[in-house]
Amino acid sequence: MPNFCAAPNCSRKSTNCPEIPFFRFPKDPTRCQKWVENCRRADLENRSAEQLHKQYRLCARHFEQSLICTNSPYRTVLKDNAVPTLFDLTSHLNKPEGKHRKHKMIKELTEEDLLRVKAPRISFIVTCTTEAHMKSFCCVLSSQQKDNT
């Protein structure tokens with residue numbers, strides 16, 4: 001039975017692309033939800049992680065190369081924390097809808113979603129040795145946040 005990629009605007013299937021690995025949605029509900037959010041398939045949001053794991057897959061083209069492990073000559077696997085991030089969410093705008101083609105509904109982003117996606121990510125650890133140092137650091141952070149808005 002062939003595997004079909006569940007990503008929007010991706011028509012890859014295992015019979016046409018045997019060299020491209022396909023990965024099941026994770027069983028972990030939290031990680032699975034992140035996969036659904038990233039691929040923006042509104043029709044998958046109400047499905048359980050178990051259903052998604054059994055019935056849906058994403059091809060390797062939707063994952064950063066650094067998240068794919070090819071150590072084994074027999075099997076390609078994802079790293080434990082892998083989340084798909086590479087999607088074509090615009091090409092459907094240029095194509096007329098086919099009569100018999102099922103299309104994957106792309107979820108439109110709300111203003112809140114856009115802000116969350118565009119928000120700068122702060123990922124560093126600060127060690128403050130004195131209370132004065134801590135106050136000056138907090139002032140710098142708050143002024144940067146005001147500049148970003």
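1. From the N terminus on, the elements go β-α-α-β-β-β-α-α, which gives four helices and four strands. Helices here are DSSP runs of H or I with at least four residues, strands are runs of E with at least two, and both are numbered from the N terminus.

2. A word on ground rules. This is a predicted model, with local features needing pLDDT of at least 70 and side-chain atom pairs counted only at pLDDT 80 or more, while totals for chains, interfaces and linings use all residues. Residues are numbered from 1 along each chain as its sequence is written, and side-chain values use heavy atoms, leaving out hydrogens and water.

3. On confidence: pLDDT (the predictor's confidence in each residue, from 0 to 100) averages 76 for the protein, and 62% of the residues score at least 70. Where pLDDT is low, the predicted coordinates should not be read in detail.

4. Buried means under 20% relative accessible area, exposed over 50%, and partly exposed in between (1.4 Å probe, protein chains only). By that cut-off, 26% of the 149 residues are buried.

5. I'd look at the rings next. There are three aromatic pairs, where rings of Phe, Tyr and Trp (its six-membered ring) pair if their centres lie within 6.5 Å; planes under 30 degrees apart are stacked, over 60 edge-to-face, and the rest tilted. Phe23 and Phe63 have ring centres 5.6 Å apart and planes at 80°, so they sit edge-to-face. Phe23 belongs to strand β1 and Phe63 to the loop between β2 and β3 (68-69), so the pair ties together parts 40 residues apart in sequence. Both Phe23 and Phe63 are buried. Ring pairs join Phe23, Phe25, Trp35 and Phe63 into a cluster.

6. Leaving aside residues up to four places away in sequence, Phe63 touches Phe23, Trp35, Leu58, Ile68, Leu78, Ala82, Val83, Pro84 and Leu86.

Methods. Contact means heavy atoms within 4.5 Å.
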